[in-house]
Amino acid sequence: MKRYSVFAIAREALRYHEGWERAWRAPQPKSAYDVVIVGAGGHGLATAYYLGKNFGITNVAVIEKGWLGGGNTGRNTTIIRSNYLQDPSAAIYEKARSLYETLSQDLNYNVMFSPRGLLMLAQTHHEVRGYLRTVHANTLQGVATEWIEPAKVKELVPIINIDGPRYPVLGALYQARGGTARHDAVAWGYARACSDMGMDIIQQCEVTGVRSEGGQVTGVETTRGAIACKKLGIVVAGHSGQVAEMAGFRLPVEAVALQALVSEPIKPCMDVVVMANTVHGYMSQSDKGEMVIGGGTDGFNNFTQRGSFQHIEETLRALIETFPIISRLKMLRQWGGIVDMTGDRSPIISKTPLGNCFINCGWGTGGFKAIPGSGWAMAELMAKGHSPLAADFGMERFREGRFIDESVAAGVAH
Amino acid sequence: MLTLTCPYCGVKAEETELAPGGEAHLKRFGPGSTDDEYESYMFARKNPKGVHFERWRHAYGCGKWFLAARCTATLEVFGTYPAQSKEPPAELIAAIKAKRPGWEGYK
């Protein structure tokens, strides 16, 4: 792989940009690999990358039924934060956030990580108490967050209306090193680095069955033939339940649609990410100038990548109260993704009832921010059979009652 | 937008009038049950990509709970029926089978 650098740009500028290589190979699947990862989204590719980087396991295939990064990796609002209440969540999300800090250098691919700061507005007294508690928890966890007063909120976000009639801004939980990244580039960067290590990324290849013998996984059946493997990682988000069923076990997850939308581009007016959990909307401004807006999930199971219109309406109605400036903006695009929700709204990174088959799913509405940490933990679990970061996220926690209850702790907009 | 006909008041209600209530026909397990049974009641859900049976409440109408058969892959609604049903009515099952010949039936 030729490295990207300022010299490469200069070199290519002098020869009509004809020397750029393809970022990753498009190989035919081999008949056997040491490790097969199902799902070439951010989490799957990150798992493969850290298997290679941290454990030297490079005889790996990442198979994908659609195209690389074409699921929720390309459908989120690109927010990165780690201000969680529970210790296991804070540990894995902070690991992810800290890996994002140096990811561009690590991958030699610009993922445009922008630690621009992130505010979670407190708009009720209940939320004030909740976030003060989170700040204390984060202090103990080594996650840098602070409580800020309304005047400071206004200073950071001049376009905000802090004395709205219905939901005044009473302060905010501020994570200065939270922010955003270029979501597609995260998938592309990992894919390029994986391909460079000799891993095969096989797109347009759907898994149709899981082969096993004596309770151990032996391979997968795909639309492009059978592929044998010693270890299997299922990292497929929305369709986790379907693949798990092929492997012969059930998951405590349900698939629902989550929507996001962007406005027409406007001049820079907001250089932080703002989340308003009481009214359930969050907003940031992309480098192109679009306001990127996310809202809530639908309340019913849905696999169509289309959500209900009234949720968009709800989100915008609330955000307009907090940001009157956006009331005349036209919305350009709106889309939905299928997220898998667990009972406690925390992910599953776990061994499964099938030997040497591992699963990483249940990231709900907050998967993008976790990609590097999730891949790190999943790779460790697959290589060594145990990972401190993943230890609390086993699927047996539902049976044992050891929930990581972020649904209560973080409220909404997880 | 999802519209369901309330089997009690007969109103064709759209989504904003309704509150979703999750999977229908869950078997409840309480004290004395095994860990497996309790886990299945609390957390294990069918989550099918296709025909699904759900609980809904006509929240801004008559306020009653009812059940609905719906396709999660196409958002098609097959029908609604009263919450007191132990399992989906036979004529609804037949109607779904006519539309979805490959469907394995209610389990």
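How many salt bridges are there between chain B and chain A? The count is one, where a salt bridge is a side-chain nitrogen of Lys or Arg within 4 Å of a carboxyl oxygen of Asp or Glu. B:Asp36 forms it with A:Arg399, and the closest N and O atoms are 2.1 Å apart.

Before I continue, a word on the basis. This is a predicted model, in which local features need pLDDT of at least 70 and side-chain atom pairs count only at pLDDT 80 or more, while totals for chains, interfaces and linings use all residues. Residues are numbered from 1 along each chain as its sequence is written, chains are lettered from A and ligands numbered from 1 in the order in which they are written, and side-chain values use heavy atoms, with hydrogens and water left out.

I stay with the interface. In chain B, 23 residues are in contact with 22 residues of chain A, contact meaning heavy atoms within 4.5 Å. The two chains bury about 2000 Å² between them, 52% of it on carbon and sulfur atoms; buried area is the accessible area (1.4 Å probe) that two parts lose on being put together, summed over both. On the chain B side, B:Phe43, B:Asn47 and B:Lys49 lose the most area to chain A, together 33% of what that side buries.

Next, chain B itself. Its elements run β-β-β-α-β-β-β-α from the N terminus, that is, six strands and two helices. Helices (H or I, at least four residues) and strands (E, at least two) are DSSP runs, numbered from the N terminus. Of the 107 residues of chain B, 36% count as buried; the classes are buried under 20% relative accessible area, exposed over 50%, and partly exposed in between (1.4 Å probe, protein chains only). The C-alpha atoms of chain B fill a box of roughly 40 × 35 × 25 Å along the principal axes.

A:Ser89 is found in helix H3, residues 87-101. Why does A:Ser89 count as buried? Because its relative accessibility is 1%. Leaving aside residues up to four places away in sequence, A:Ser89 touches A:Tyr84, A:Ser346, A:Phe393, A:Ile404 and A:Glu406.

A:Thr78 is not a glycine, yet has a positive phi of about 60°. It is found in the loop between strand S2 (60-63) and strand S3 (79-80), and counts as buried because its relative accessibility is 14%. A:Met112, also not a glycine, has a positive phi of about 55°. A:Met112 lies in the loop between helix H4 (103-107) and strand S4 (118-122), and is partly exposed, with a relative accessible area of 36%.
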